[in-house]
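The following note sets out points for a colleague who is meeting this structure for the first time. Please read the points with the sequence and the model side by side.

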Amino acid sequence: ITIVGGKLTTYRRMAAQLLHVAYEQLGVSEPPCATEERPLPGAADLPAGERELDPLVSVALALRGAGVAAIDGQVAQHLAHQYGVRALRLCERLQQEEAAPPSSRDSVPAAGDRLDPELPYLYAEVDLAVEEDEAQRLEDVLARRMPLLLKARDQGLGCAEAVAARMARTLGWTPEHTAAEVEAYRAVVAESRQFRRGADAG
C-alpha cells in the first residue's frame, strides 16, 4: 500500500482510509476508528474562553500573566497556537529553571533563550520535542518541530550546535554522535540550497 500527498487537515482521514484498505487486504475485521473525536495533543482540557475569548487566547494570556521573562507577546502567541494547554507545562519548566540557582545550570543555553532572535522558538521546546514528541535527530527538531530550516535566515545553522548539545544531554549522545548530528544537519541545509547553484550559473 502506498499513500502520497495530503495536508495537515486531511492526514487523519487519509490514515483511516489506508487502514481500511490494509484490513481488507489482510482479511481482518476492522475495529471502530478511535481517533475521529479524539482531541489533538494540547487540545484536551483547553480552558473555556472567558468573555467570549478564543480558548487559545486564554492560554496566551495565562502565559503572559505567568511573569516569565522569556515569554513576551510573540512567544506567548506562538506557544499557545503550537502546543495548546501543553504550553502551560512548558511555562512551568521555564519558571523552574528561572528559580534554580545559577550554579545548578550547565553550559547549554537556558530554556528561555531563543533559538533565533527573530523567531519565537525557545530552547525549552527542544526538551519537549525530545521528551514528549519523540524527536531523535537534530533534523527532527530544526526541520519539523521548530522549522528553522524554512523560517530562519540562516536555516538554523547558527543554533544547530547548541540545540544538539541540549538534545545530547537528554538523549545521552556521545560527543562524536552530537558532532555527527550537526554535520548531518549542515548537509540537509546545503542540499536545500542546491537550487541556487543553477540560478547562479544562469
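1. Glu183 and Arg186 both belong to helix H9 (residues 175–192), where they stand 3 residues apart, about one turn of the helix. Helices here (H or I, at least four residues) and strands (E, at least two) are DSSP runs, numbered from the N terminus. The side chains of Glu183 and Arg186 form a salt bridge, at 2.5 Å from N to O. A salt bridge is counted when a side-chain nitrogen of Lys or Arg is within 4 Å of a carboxyl oxygen of Asp or Glu. Glu183 is partly exposed because its relative accessible area is 45%, and Arg186 is also partly exposed, at 33% relative accessibility. The terms are set as follows: buried is under 20% relative accessible area, exposed is over 50%, and partly exposed lies in between (1.4 Å probe, protein chains only).

2. A word on the basis of these values is in order. This is a predicted model, in which local features need pLDDT of at least 70 and side-chain atom pairs count only at pLDDT 80 or more, while totals for chains, interfaces and linings use all residues. Residues are numbered from 1 along each chain as its sequence is written, and side-chain values use heavy atoms, with hydrogens and water left out.

3. The protein has 10 helices and 0 strands. Buried residues amount to 33% of its 202 residues. Among contacts (heavy atoms within 4.5 Å) with a separation of 6 or more, 57% are between residues 24 or more positions apart. The accessible surface is about 12600 Å², and carbon and sulfur atoms contribute 53% of that surface; such areas come from the Shrake-Rupley method with a 1.4 Å probe, and for residues only the protein chains shown count as cover.

4. Which residues of H9 are buried? They are Thr178, Glu181, Val182, Tyr185, Val188 and Val189. These residues lie on the same side of H9, because they cover an arc of only 115° around the axis, the arc being that of the directions from the helix axis to the C-beta atoms. An α-helix has 3.6 residues a turn, so residues three or four places apart point the same way. The buried residues of H9 pack against H6, H7 and H8, whereas Glu176 and Glu191 are exposed on the other side of H9.

5. The length of H9 agrees with expectation, since its 18 residues should span 26 Å at 1.5 Å a residue and its end C-alpha atoms are 26 Å apart. The expected span is 1.5 Å times one less than the number of residues. Helix H1 (residues 11–26) also agrees, because its 16 residues should span 22 Å and its end C-alpha atoms are 22 Å apart. Just after H1, Gly27 has a positive phi of about 70°.

6. The count of salt bridges comes to 13. Side chains of opposite charge can pair when their charged atoms come close. Arg86 is buried, at 11% relative accessibility, while Asp133 is partly exposed, at 25%.

7. Arg153 and Glu118 also meet in a salt bridge, at 2.8 Å from N to O. Arg153 lies in the loop between H7 and H8 and Glu118 in the loop between H4 and H5, so the pair ties together parts 35 residues apart in sequence. Arg153 is exposed, with a relative accessible area of 72%, and Glu118 is partly exposed, at 44%.

8. Asp127 sits in helix H5 (residues 123–131). It is buried, at 7% relative accessibility. Beyond its neighbours within four places in sequence, Asp127 contacts Arg93, Arg166, Arg169 and Thr170.

9. Most residues other than glycine have a negative phi. Glu134, which is not a glycine, has a positive phi of about 65°; Glu134 lies in the loop between H5 and helix H6 (138–145) and is exposed, at 62% relative accessibility. Gln155, which is not a glycine, has a positive phi of about 60°. Gln155 is placed in the loop between helix H7 (148–151) and helix H8 (160–171) and is buried, at 10% relative accessibility.
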